[in-house]
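Take a look at the fold below. How is it put together?

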Amino acid sequence: MPVSGELYERVANAPAVPQGLPLVILLTGFTDAGSAVSGLIDHLRDVSDPQPVAVYDNDLLLDYRARRPLFVFEQDHLTEMRPARLELSIAHDALGQQFLLLSGYEPDFAWNAFSQSVLDFAEEFGVSGVTWVHAIAMPVPHTRPISTTVSGNRKEITASLSVWRPRTQVPGTAGHLLEYRFAERGDRVVGFVLLVPHYLAETEYPEAVITAADRVMGATGIVLGLDELRAAREEYLTKVDDQVQGNDELRQMVQTLENRYDAYMAGRDPDDMDPYDEGGFDERDLPSADELAAELERYLATRPPGDDDKRSRS
């Protein structure tokens with residue numbers, strides 16, 4: 001049975017939602033390496049004119065002490081409150097094609113009720129398929145394309161785009177739960193995990209946003225304008241390359257990651273992309289989290305004075 005609607009409020013006078021649109025899910029929360037998801041949400045809010053259909057209730061789903069709302073302080077008084085947003089909207093792409101967009105924060109509470117509400121919306125609007133994206137930090141170089149791990153039940157996308165296929169346990173997100181429930185019901189669903197360079201994971205990395213957009217476009221058929229993001233990417237990469245060339249240890253780290261990436265891709269069988277294949281890449285060859293932390297600590301400790309400002313601008 002559909003949930004009562006207590007988790008959300010339908011927007012009065014919202015646009016009518018045609019049947020059969022694709023649903024794109026972008027939730028920030030547990031991990032968002034390179035600000036891939038939050039950056040794509042911001043980009044879509046700028047270019048796709050999303051019109052809310054339903055707005056979720058922060059008081060029921062959000063832990064305010066973990067993710068506090070922003071207030072604008074003007075000299076001696078507060079002028080604005082900017083609460084977090086979690087909304088189901090109808091949006092359009094650069095060609096005028098419509099799609100549904102569920103975007104905003106990952107709920108802290110009531111995951112089962114939340115996921116049921118999303119399934120109910122998908123059934124009500126007869127969505128044609130579900131696509132979601134998240135991004136994690138990985139020891140990969142920024143000088144190579146961002147790779148993807150693909151999950152879900154769209155085998156044609158998995159076969160063409162899933163580069164790394166581990167067998168492992170992962171901390172769950174609301175996106176994982178939604179994918180699991182949609183797949184259980186037999187709906188078409190695909191999830192993309194972007195593998196973002198670990199040393200850029202805490203920055204706003206335009207390449208991660210562009211890759212997220214590319215994956216969404218490939219899975220849904222929508223078309224998004226990316227010119228501004230591509231311009232930002234060029235400026236960003238110029239600054240990163242300047243930093244890499246100016247630090248021997250960082251340059252050596254990037255070269256090591258390039259060698260590992262290239263060895264993996266050269267050994268990968270396109271018809272059986274198994275990272276445990278004897279002829280391919282072994283996940284155990286990757287440096288551990290402790291090794292990565294030590295490597296970055298050494299880099300930070302040896303940076304010349306004034307480098308903090310350069311890093312913050314990148």
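This report covers the sheet, the helices and the aromatic rings.

The model is predicted: local features need pLDDT of at least 70, side-chain atom pairs count only at pLDDT 80 or more, and totals for chains, interfaces and linings use all residues. Residues are numbered from 1 along each chain as its sequence is written, and side-chain values use heavy atoms, without hydrogens and water.

**The sheet**

Helices (H or I, at least four residues) and strands (E, at least two) are DSSP runs, numbered from the N terminus. Two strands pair if DSSP finds at least two bridges between them. Strands of a sheet pair through backbone hydrogen bonds, either parallel or antiparallel.

Here eight strands form an open sheet. Their order is β1-β3-β6-β7-β2-β8-β10-β9, and the pairing is mixed. The edges are β1 and β9 (147-152). Each has a single partner strand, so one side of each is left without a neighbour in the sheet. Neighbouring strands are turned by 25° against each other on average, direction ignored.

Now follow β6 (residues 86-92). Strand β3 (residues 51-56) pairs with β6 in the antiparallel sense over four bridges. Val-55 has Glu-87 of β6 as its bridge partner, and Ala-54 stands opposite Leu-88 in β6. Seven bridges join β6 to β7, and these two run antiparallel. There, Glu-87 stands opposite Ser-103 of β7. The hairpin of β6 and β7 has five residues between the strands, and Gly-96 takes a positive phi near 90° in it.

Is β6 enclosed or open? Six of its seven residues are buried (under 20% relative accessible area; exposed is over 50%, partly exposed in between; 1.4 Å probe, protein chains only). β6 is therefore largely enclosed by the rest of the structure.

**Helices**

Contact means heavy atoms within 4.5 Å. Axes are lines fitted to C-alpha atoms, for helices over the stretch in contact, and angles run from 0 to 180 degrees between N-to-C directions. α6 lies across β2, β8 (129-138), β9 and β10, running at about 160° to β10.

Two packed helices are described by the angle between their axes and the distance between the axes. Angles under 35 degrees count as roughly parallel, over 145 as roughly antiparallel, 65 to 115 as roughly perpendicular and the rest as oblique.

Helix α1 (residues 36-47) packs on α6 at about 70°, with the axes 8 Å apart. That makes α1 roughly perpendicular to α6. Ala-36, Gly-39 and Leu-40 of α1 meet residues of α6, including Ala-208 and Val-216.

α7 and helix α8 (residues 248-267) pack at about 110°, with their axes 6 Å apart. They are therefore roughly perpendicular too. Gln-243, Val-244 and Gln-245 of α7 touch Leu-250, Arg-251 and Val-254 of α8.

**Aromatic rings**

Rings of Phe, Tyr and Trp (its six-membered ring) pair if their centres lie within 6.5 Å; planes under 30 degrees apart count as stacked, over 60 as edge-to-face and the rest as tilted. The count comes to five aromatic pairs. Two of them are tabulated here.

| Pair | Centre distance | Plane angle | Type |
|---|---|---|---|
| Tyr-8 and Phe-121 | 4.8 Å | 50° | tilted |
| Tyr-205 and Tyr-236 | 5.2 Å | 35° | tilted |

Tyr-8 lies in strand β1 (residues 8-10) and Phe-121 in helix α3 (residues 111-125), 113 residues apart. Both Tyr-8 and Phe-121 are buried. Tyr-205 and Tyr-236 are also buried. Ring pairs link Tyr-8, Tyr-56, Phe-114, Phe-121 and Phe-125 into a cluster.
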